[in-house]
Amino acid sequence: MSRTGRVERVTKESSVLVEIDLDGTGRTEVATGVPFYDHMLDALGKHASFDLVVRATGDVEIDAHHTVEDVAIVLGQALRQALGDKSGIRRFGDAWIPMDEALAQAVVDVSGRPYCVHTGEPEVMTGFVVGNNYPTVLNRHVFESIAFHAGIALHVRVTGGRDPHHITEAEYKAIARALRAATEPDARLNGGTASTKGVLET
């Protein structure tokens with residue numbers, strides 16, 4: 001069964017296309033008009049081993065916010081589509097990722113019940129812009145949008161860090177690795193579902 005998703009979304013603020021293959025090899029093609037975000041989405045695809053295409057245009061001359069958040073919404077929708085009925089997957093995944101002085105943890109439950117908890121970022125993140133194009137205050141918007149539109153529970157925790165670039169990169173890579181673990185097939189389930197209900201909510 002193909003575990004792929006393809007979603008397009010067009011508004012007055014942005015035009016977004018996302019294609020994802022959960023059984024890929026980490027091949028990515030990302031262009032959002034926000035260079036640091038491209039770097040983070042490239043890392044997400046590579047470390048999750050998802051094949052990922054993201055093409056977006058938006059009103060970045062006003063602010064990166066609309067494009068960044070809209071891409072996260074569509075990414076979540078494409079992920080949900082690719083997961084299908086979620087039969088045979090591990091369901092849970094977690095990862096700790098260091099980036100020099102920064103350390104982040106992500107824990108995922110691909111349950112169908114959306115929730116996002118994001119803690120531990122230092123106060124500097126609320127006013128910092130990486131590369132003059134990506135405000136790190138948007139991190140939580142991205143993680144919440146992915147979680148709610150994918151229908152997953154996502155906990156992201158920063159336990160250390162000084163450089164906003166390093167902190168953000170550790171968070172994205174931790175999410176990628178947690179998603180990789182959670183969406184992988186579990187041979188011991190023999191196509192069944194990791195739930196006492198017999199079904200993961202959709």
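Which residues in H2 meet which residues in H3? The views below, taken from a predicted model, begin with this contact.

**View 1. Residues at the contact of H2 with H3.** From H2, the residues are His-65, Val-68, Glu-69, Ala-72, Ile-73, Leu-75, Gly-76, Gln-77, Leu-79 and Arg-80. They meet His-141, Val-142, Ser-145, Ile-146, Phe-148, His-149 and Ala-150 in H3. By type, the residues of this contact are nine nonpolar, six polar and two charged.

**View 2. Packing of helix H2 (residues 65-83) and H3.** Two packed helices are described by the angle between their axes and the distance between the axes. For H2 and H3 the angle is about 30° and the axes are 7 Å apart. Angles under 35 degrees count as roughly parallel, and H2 and H3 are therefore roughly parallel to each other. The crossing of H2 past H3 is right-handed.

**View 3. An open sheet of four strands.** The strand order is S5-S6-S10-S7, and the pairing is mixed. Strand S5 (92-99) and strand S7 (115-119) are the edge strands, each pairing on one side only. On average, neighbouring strands of this sheet are turned by 10° against each other, direction ignored.

**View 4. The pairing of S5 with strand S6 (residues 102-109).** S5 and S6 run antiparallel and are joined by eight bridges.

Note on methods:
Residues numbered from 1 in each chain as written. Predicted model: local features only at pLDDT ≥ 70, side-chain atom pairs only at ≥ 80, totals over all residues. Heavy atoms only, no water. Pairing = 2+ DSSP bridges. Helix = DSSP H or I, 4+ residues; strand = E, 2+ residues; numbered from the N terminus. Axes fitted to C-alpha atoms, helices over the stretch in contact; angles between N-to-C directions. Parallel < 35°, antiparallel > 145°, perpendicular 65-115°, else oblique. Left-handed = near helix turned anticlockwise from the far one by under 90°. Contact = heavy atoms within 4.5 Å. Nonpolar A, V, L, I, M, F, W, Y, C, P; charged D, E, K, R; others polar.
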